[in-house]
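Here are a few friendly notes to read alongside the model. Keep the structure open as you go through the points.

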Amino acid sequence: MSLLEVKHLKVELNTLRGMVKAVRDIDFEVEQGETVAIVGESGCGKTMTCLSVMKLLDSVRGKMGEETSIIFDGEEISKLTERKMSRIRGNKIGMVFQDPIKSLNPTEKIGNQIVDIILAHEKITKKEAGVKAEKLIEKVGIGDAPRRMKQYPHELSGGMRQRVVIAMAIACRPQLLIADEPTTALDVTIQAEILELLQELQKEYKMSILIVTHNLGVVATIADRVVVMYGGKIMETGTTEEIFHEPRHPYTRALLEIIPEAEERKKKLPVIPGTPPNLINPPQGCPFIARCPKRMNICGMSFPKKNERCYCYLYDERCKREFRSGLKDE
């Protein structure tokens, strides 16, 4: 059994313009000790997927579908009460948010915030929690831990704040760490350090990682498997090697093709023509149809079943003959 199994996940957000269908019936899993990356353009449903697993959707604006099932470590957690979920959140499942400054209380010292997390889940004294917090700060690569414990978030650099957030997320040795764009706001050098830190912690704690990113360089560095999302749907899944070397779905291929080559100097950066679909009124069929160079009439009628790792009619036996030439690399 997988550590995390997500089935029929649907998420709707109530906005002034209407009900946004942010995630539209997706399935995926995360195995024990595995790193799974969810990739895709902004607005494709990556973050909403992670917030759903943590049950952190705004109860006023966001809701999951009734048929949604989220099984963690053999337990159905999608229907748990907030009280029961709070015992899992921060304890068995940790989360690193995209912007560390928004994850930290600006009026509380760093040490107190880590201590509070530990005391919420472990029956130890405040003094013992303080000692553990200092060790966590050192573990995530921040020197002079006693002094850092007394500092406020604004006194730390962006990279240090992200390390503090990681320390809070791993404070109780979670089985699963969810990282939502953990390196977006950091420069390239710090990004590499954070990714290396996550890999070291994963090996030490034997935990699984679900990482959300639009940076394919991050995916190549850290992920074992990749889930490609677009328009609230999963377009393709596969090992990192399969996705990078044998991409199937036209959207996955398009994502890889727009990565700029370091050796080539171009006047214009490559882009995917068109715009993402309106998820208030999403397409009935494949959400990528308006931007896909290999679209067929059937693509607009219904969303395809999974074929050869991806959800695309190009790999449906009924369509292969007509589009066999289109399956070859151009």
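1. A word on terms: helices (H or I, at least four residues) and strands (E, at least two) are DSSP runs, numbered from the N terminus. This is a predicted model, where local features need pLDDT of at least 70 and side-chain atom pairs count only at pLDDT 80 or more, while totals for chains, interfaces and linings use all residues. Residues are numbered from 1 along each chain as its sequence is written, and side-chain values use heavy atoms, without hydrogens and water.

2. Start with pLDDT, the predictor's confidence in each residue, from 0 to 100. Its mean over the protein chain is 90, and 94% of the residues reach 70 or more. Over residues 324–330, however, pLDDT stays under 50. Where pLDDT is low, the predicted coordinates should not be read in detail.

3. Next, look inside. A search of the whole structure finds two cavities of 30 Å³ or more. A cavity here is a set of points, on a 1 Å grid over the protein atoms alone, where a 1.4 Å probe fits but cannot get out; lining residues have an atom within 4 Å of a point.

4. The largest cavity holds about 80 Å³ of space. Its lining includes His249, Phe288, Lys294, Arg295 and Tyr311, and divides into nine nonpolar, one polar and two charged residues.

5. The second largest cavity has a volume of about 30 Å³. Among its lining residues are Val39, Leu216, Thr252 and Leu255. Helix α11 (residues 250–257) gives the largest share of this lining, three residues.

Definitions and conventions:
Contact means heavy atoms within 4.5 Å. On a 1 Å grid over the protein atoms alone, a cavity is a set of points where a 1.4 Å probe fits but cannot get out, and a pocket is an open set with protein on both sides within 12 Å along at least five of seven lines; lining residues have an atom within 4 Å of a point. Grid points are joined across faces, edges and corners, and a volume is the space filled by probe spheres set on the points. Ala, Val, Leu, Ile, Met, Phe, Trp, Tyr, Cys and Pro count as nonpolar, Asp, Glu, Lys and Arg as charged, and the others, Gly among them, as polar.
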